[in-house]
Amino acid sequence: MERCPQCRARLGPEALCPRCGADLTLAQRAETESVRRLHRALTAFAVGEHQMANAHAQAALRLHRTPFTAVAACWLKDQTQEPPQSSRSPKHPRMGLFRRIFGACNNTKTEH
Ligand SMILES: [Zn+2]
């Protein structure tokens with residue numbers, strides 16, 4: 001978390017906002033847990049546990065929504081619901097962005 005969600009002050013590692021004094025402990029824990037769940041999602045996906053990957057990704061998204069988490073969760077959800085789509089015609093609008101950012105993912109899909 002770079003800025004206080006209450007007053008937008010720039011934050012350091014402290015749990016209290018230096019400007020407004022808001023206690024950000026729970027927000028910081030949610031952010032940390034979101035990253036942890038996203039890592040678990042990607043690990044689960046890598047070993048073919050797609051339903052588990054989707055569950056972790058959705059939990060990560062509920063804990064802390066970021067553009068990366070949203071795209072990753074969307075992509076993982078698509079992977080658990082439908083067969084992979086051609087890279088030339090992304091089904092979901094954000095899928096093209098994800099593939100541009102993580103182009104190598106197209107080469108690491110596992111066969112089922
Ligand atoms: Zn503040």
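Biologist: In what order do the elements of the protein run from the N terminus on?

Modeller: The order is α-α-α-α. The protein has four helices and zero strands. Both kinds are DSSP runs numbered from the N terminus: helices are H or I with at least four residues, strands E with at least two. This is a predicted model: local features need pLDDT of at least 70, side-chain atom pairs count only at pLDDT 80 or more, and totals for chains, interfaces and linings use all residues. Residues are numbered from 1 along each chain as its sequence is written.

Biologist: What makes H1 roughly antiparallel to H2?

Modeller: The axes of H1 (residues 25–46) and H2 (residues 50–63) cross at roughly 165 degrees and come within 8 Å. That angle makes H1 roughly antiparallel to H2. The classes are: under 35 degrees roughly parallel, over 145 roughly antiparallel, 65 to 115 roughly perpendicular, the rest oblique. Axes are lines fitted to C-alpha atoms, for helices over the stretch in contact, and angles run from 0 to 180 degrees between N-to-C directions.

Biologist: Is the crossing of H1 and H2 left-handed or right-handed?

Modeller: The crossing of H1 and H2 is left-handed. In a left-handed crossing the near helix is turned anticlockwise from the far one by less than a right angle; clockwise would be right-handed.

Biologist: Which residues of H1 and H2 meet?

Modeller: From H1 the list includes Ala 30, Glu 33, Arg 37, Leu 38 and Phe 45. From H2, His 50, Met 52, Ala 53 and Leu 63 are among them. By class, this contact of H1 with H2 has eleven nonpolar, three polar and three charged residues. Two residues are in contact if their C-beta atoms, placed from the backbone, lie within 7 Å. Nonpolar covers Ala, Val, Leu, Ile, Met, Phe, Trp, Tyr, Cys and Pro; charged covers Asp, Glu, Lys and Arg; the others, Gly among them, are polar.

Biologist: How do you know that H2 is roughly antiparallel to H3?

Modeller: H2 and H3 pack at an angle of about 155 degrees, with their axes 9 Å apart. That makes H2 roughly antiparallel to H3. H2 passes H3 in a left-handed crossing. In H2, Gln 51, Asn 54 and Gln 58 are among the residues that take part, and in H3, Ala 70, Lys 77 and Thr 80 are among them. By class, the contact of H2 with H3 has eight nonpolar, seven polar and one charged residues.

Biologist: Why are H1 and H3 called roughly parallel to each other?

Modeller: Their angle is about 30 degrees, with axes 11 Å apart. H1 and H3 are therefore roughly parallel to each other. The crossing of H1 and H3 is left-handed. Ser 34, Leu 38, Ala 41 and Phe 45 in H1 meet Thr 69, Ala 72, Leu 76 and Gln 79 in H3. By class, the contact of H1 with H3 has five nonpolar, three polar and no charged residues.

Biologist: What makes Thr 69 buried?

Modeller: Thr 69 has 21 other C-beta atoms within 10 Å, so it is buried. The cut-offs are 20 or more for buried, 12 or fewer for exposed, and in between for partly exposed, counting other C-beta atoms, placed from the backbone, within 10 Å. Thr 69 is found in H3. Not counting residues up to four places away in sequence, Thr 69 touches Ser 34, Leu 38, Ala 60, Leu 61 and His 64. Thr 69 and Ala 57 are twelve residues apart in sequence and 7.5 Å apart in space, C-alpha to C-alpha.

Biologist: Why does Cys 74 count as partly exposed?

Modeller: Cys 74 has 18 C-beta neighbours inside 10 Å, which means partly exposed. Cys 74 lies in H3. Its C-alpha atom is separated by 8.5 Å from that of Ala 57, 17 residues apart along the chain.

Biologist: And why is Arg 8 called exposed?

Modeller: Arg 8 has 12 other C-beta atoms within 10 Å, so it is exposed. Arg 8 is found in the segment before H1. Phi of Arg 8 is near 70 degrees, a positive value in a residue other than glycine.

Biologist: Which residues make up the largest nonpolar core?

Modeller: There are eleven residues in all, including Leu 38, Phe 45, Ala 57, Leu 61, Trp 75 and Leu 76. H1, H2 and H3 (67–81) each supply at least two residues of this core. Such a core is a set of buried Ala, Val, Leu, Ile, Met, Phe, Trp, Tyr and Cys residues joined through C-beta atoms within 7 Å.

Biologist: What share of the 112 residues in the protein is buried?

Modeller: Buried residues make up 14%.
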